[in-house]
Amino acid sequence: MSDDNDDPLEVQGDEIIVTAPRIIGQIDAPQKPIEVFSEEDIASYGVNSIEELLDAISPQTGSGRGRGDGRPVMLLNGQRISSFREMRNIPPEAIRKLEVLPEEVALRFGYSANQRVVNIILKDQFAAVTASGEYNRPTDGGYDNYELEGGLFRIAGPRRYNVNVKLDETSILTESERDVIQQESRVPTVAGDPDPARYRSLAAKDSEFTLEGTMTQGVGENGLGGSITVTGGYTRSQTTSLSGLDTLTLTNPEGESEIRTLPDPLTTRAVSDTFEGGLGYSTMVGEWQLSATANATYVDSNTRVDRERDTSALVDAAEAGTLAIDGALPAVPGAGVDVARTRQFTISNLATISGKPFRTPAGEANLTVKAGYDFDRSISEDTRTSLGSITLKRGDVLGGVNLALPVTSKAEDFLGAVGDITLNFSGGIDHLSDFGTLKDRSAGLTWSPTDTLTLQASYIVDEAAPQLTQLAAPNIVTYNVPVYDFTNSVTSLVTVTSGGNPDLRKETQRDWKISAQWQLPFMQRSNLVVEYFRNHSSDVTQSFPLLTPQIETAFPGRVTRDDAGNLIAIDRRPVTFDEVRTSSLRWGLNLSGSLGGSSSASPGGGSGASSSGAAQGSSAPVAPVTGPNGPMPGTGSAPSADGQPTRRGFDPSRFAALREKLCAPGAAEPDLASLPEGMRQRMTGTDGRIDPAKLAEFKQRACSAEGASPQQGAGPGGGFDPERFERIRTALCAGGSGPPDVASLPDRMRERIMGTDGKVDPAKLADLRERFCRADAAPGAGAGGQPSGDPAREMRFAGGGATAPASGPGGTRAEGTGPGERRPGAPGMGPGAGGPPMGPGGPGGRPGGSRWNLAVYHTWRFSDTVTIAPGVPTLDQLGGDAIGAGGTPRHAIEAEGGLFKNGYGLRLKAEWEAPARVNGSGQPGSSDLRFGSTFDVSLRIFADLGRNEALVARMPFLKGARLSLVADNLLDSRQRVTDGTGATPIAYQRAYRNPQGRVLGIDFRKMF
């Protein structure tokens, strides 16, 4: 944007319409965002990457629709990305805004409408080198985890690059370290034999190394010709797990028996190497947006499983009396290893073009057309089979279209009395080389009867094929796995087979969603979201379910028992269910606000929405806000020599020193590192270097008499200017009850009185006039010549003062350059303030402020039934016919919230699930199981040490540093499982439900 006041104005009769500016990269859709996070909000989470941020806000980004339990659809600056790899390690300080949008928005970008959409808008200028280390250990001990990570990230206009390296190491955790009770039939009865609990792992030893890089380059002048993105990554993962010891029973001729164990554990070692690469291209074709992405992944996985040793010779010797059953055992040679190898190659290509093909009386229609080609190839080999190498290939030619059609519109004055109504239709087709043709279609309606209420309804039908890994993964056998046998009400150590199932069928999913989103009238930037979901899916691919009597009856070939009826083996490869039906309600509250006495007062005090904002007087200097790198230009205010408050973040002495260097005769090119971020942005080109033309222009302004007084429009020292106040007051108050001369008002004051439809809001205008136009608001009406109404404060309230802060109303979630936020280069911004605002913790940040937030989401499941096969009784999961290991709870709650003030933050995240029941067979000896409620609370406390100037002065190394203390499962809560007698089965001990328990960690991060 230019520095001029270029807001377009349109006069229609006695109405003045102002089109508010939008941030480049924002999503223009009829569906309103569920939540918007400003850079200050993001800073309050104290996280190190976008991946951690998404985990922290998972209650807001989660979806209750269909299979929408995974990661949301990710967009970067309003554009599709080749893969999540492109953005997951970006420092949160580089984010200008994050939007969470409903599932239906995904259709506009070529995705299915079964996951929410997260759009991340980056700043135009940012550079940082980061290094961090994290150490975690359970309070019960047993294992250690540490992470080391380093990254380089830079944005220079249309150019962006990111390189990141990470090492994650976790030691093994065994059953003996959690005092797990062992099955008596597997415990040795001879002293000196090794304890199998020491050689059976609860959590595997894990090591992962990741190296990733991304580069984006603009095409044409200032990137106006589009952009090209190249990404690449390599990940090596190694895991080692233990499956116990070879165990045998020796019986002598007298009939006496002893249980013996052999040394050397049964070990499973898995190594995988993953190579990834991606390309992205985005450009405008006329008035249409073209976006194309391609991503390739190659994974080479190798699993080596120790075979059980042949102990028949020892058993025979004991029966013959030649081997003492309680004596030393001879060495038994190993039986070798089984090797399973999978090589999987995947290519995905997708191109979308979107634009506005025609206009209806209610506005412009939006059309998105997509086309692509995906290719998968899987080669698997397994020494346990005689089939040799098995190769599966799949090609997928796909296409689709999505049309958003406005029907009524208040802004277009077409049937606006009923509000804004938009219809949405989509259809797609996939032709798979191995599954034939799959189709999908959807229809939806969005209705906003008022500015604060949005109603939505949508219906989708989607056909999906099983993944190649579900079809072709090699079979892997794991020994001594504890499994609860519902038929006999005992825990057995069984042999489990996992892998692919080539007999799976395609799935058809049908979903209804009806939702409402209401902006709360009593608290700004807060809302209530209510969503109803109803799903009916047929031929559903699932992992093998919990082995209940009903499941064993439906899949008799998957279960092996000995002659006595004891469970000895299970085949857990995926299965196909005939039908699944679910219905649920998910509703949530998103609340946020500012803390008393913070520096993040609302633009103008929030109009009474925040008591803390209203309590601040104009004479109180606003504390400067600093990031990890210290004080940030463009924030805070300090009193000048005459006691008047200066513009927020403006340091007159620093400006004078910089001006002297720049304006001295024969002055050399300035050192960019010594300049404030905003000033540096004004002088540099797209390559990040000084632009001679921009430098000359800046010198002309800064070295002139005008440039010597950067507080133009303000009073002495940047304080209250009575003449300017009177001019604004005249423009606002003259003309009686009619609309004011909007063009003569400051940008932010004008935005302050506008409604979401771009027209003057009578209620907002009346409120502003009540504060400005009353008699006691005139200059000199109060003691000492200052107005008793404190006009300087009223100017800040209305957005007309030089000291107006940049946070959102009430210090809550500010929405970029919308109402309540200063545009770059707007009046009242001096040198160093130009260019896009930068966030807390990053170079040249904006006010971090003091804030709190709370998000609570409750899921209420009404029905959840499964029909395994035609003619088989339907299972009611909520009634106890569960197919999952923990049953299906009817209620679940997710919540996250926290406090942030002056660089110190506290975050809490909690998940609760109601108790559930799993029915037994009803036969004698069988028992129901009750799964108790779960309550998992995570805590994060952090301090941005770089904000403490005194500390940094003593220890300069702490500049840009953050220290965090974390606690996962803070309450050390573990699910309690009991049978009909109140006892806990061996297979459901606390350690099996949650091996780690409470885990404490320390995280240190430094930004250079």
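**Figure 1. Salt bridges across the predicted model.** The count of salt bridges in this predicted model comes to 40. A pair qualifies when a side-chain nitrogen of Lys or Arg lies within 4 Å of a carboxyl oxygen of Asp or Glu. Side chains of opposite charge can pair when their charged atoms come close.

**Figure 2. The R260–D193 salt bridge.** R260 pairs with D193, and their closest N and O atoms are 2.6 Å apart. R260 sits in strand β16 (residues 257–261). D193 belongs to the loop between β11 (173–174) and β12 (201–203). These parts are 67 residues apart in sequence, so the pair ties them together. R260 and D193 are both buried.

**Figure 3. The R561–D485 salt bridge.** Here R561 meets D485, with 2.8 Å between the closest N and O atoms. The pair links distant parts of the chain, 76 residues apart. R561 is in strand β31 (residues 559–561), and D485 is in strand β27 (residues 476–485). R561 is partly exposed, because its relative accessibility is 23%. D485 has 2% relative accessibility, so D485 counts as buried.

**Figure 4. The R947–D944 salt bridge and its network.** The side chains of R947 and D944 form a salt bridge with an N to O distance of 3.2 Å. Both residues are buried. Salt bridges with shared partners join E93, D944, R947, R962 and R1005 into one network.

**Figure 5. The surroundings of R974.** R974 lies in the loop between β43 (961–968) and β44 (977–978). Its relative accessibility is 12%, so R974 counts as buried. Leaving out residues up to four places away in sequence, R974 touches D140, R178, R990, N994, P995, Q996 and G997. Take R990 from that list of contacts. R974 and R990 are 16 residues apart in sequence, yet their C-alpha atoms are 5.9 Å apart in space.

**Figure 6. A negative patch on the surface.** E911, E913, D936 and D968 gather here as a patch of negative charge. One of these residues, E913, is found in strand β39 (residues 904–913). E913 is partly exposed, because its relative accessible area is 35%. That value passes the patch cut-off of over 30% relative accessible area.

Figure 7. Y135, Y146, L148, L899, L906, L908, I941, L963, L965 and I1002 make a nonpolar surface patch of about 820 Å². Strands β9 (145–156), β39 and β43 each give two or more residues to the patch. Another member, I941, lies in strand β42 (residues 934–944). I941 has a relative accessible area of 37%, so I941 is partly exposed.

**Figure 8. The whole protein, for orientation.** The protein has 16 helices and 45 strands. Of its 1008 residues, 52% are buried. The accessible surface comes to about 42,000 Å². Carbon and sulfur atoms account for 55% of that surface. Among contacts with a separation of 6 or more, 70% join residues 24 or more positions apart.

Technical notes:
Residues numbered from 1 in each chain as written. Predicted model: local features only at pLDDT ≥ 70, side-chain atom pairs only at ≥ 80, totals over all residues. Heavy atoms only, no water. Patch = residues over 30% accessible without salt bridge, like charges linked within 9 Å, V, L, I, M, F, W, Y side chains within 5 Å. Areas by Shrake-Rupley, 256 points an atom, 1.4 Å probe, with all protein chains shown as cover. Lys, Arg positive; Asp, Glu negative; His and termini not counted. Charge placed at Lys NZ, Arg CZ, Asp CG, Glu CD. Helix = DSSP H or I, 4+ residues; strand = E, 2+ residues; numbered from the N terminus. Buried < 20%, exposed > 50% of the residue type's maximum accessible area, 1.4 Å probe, protein only. Contact = heavy atoms within 4.5 Å.
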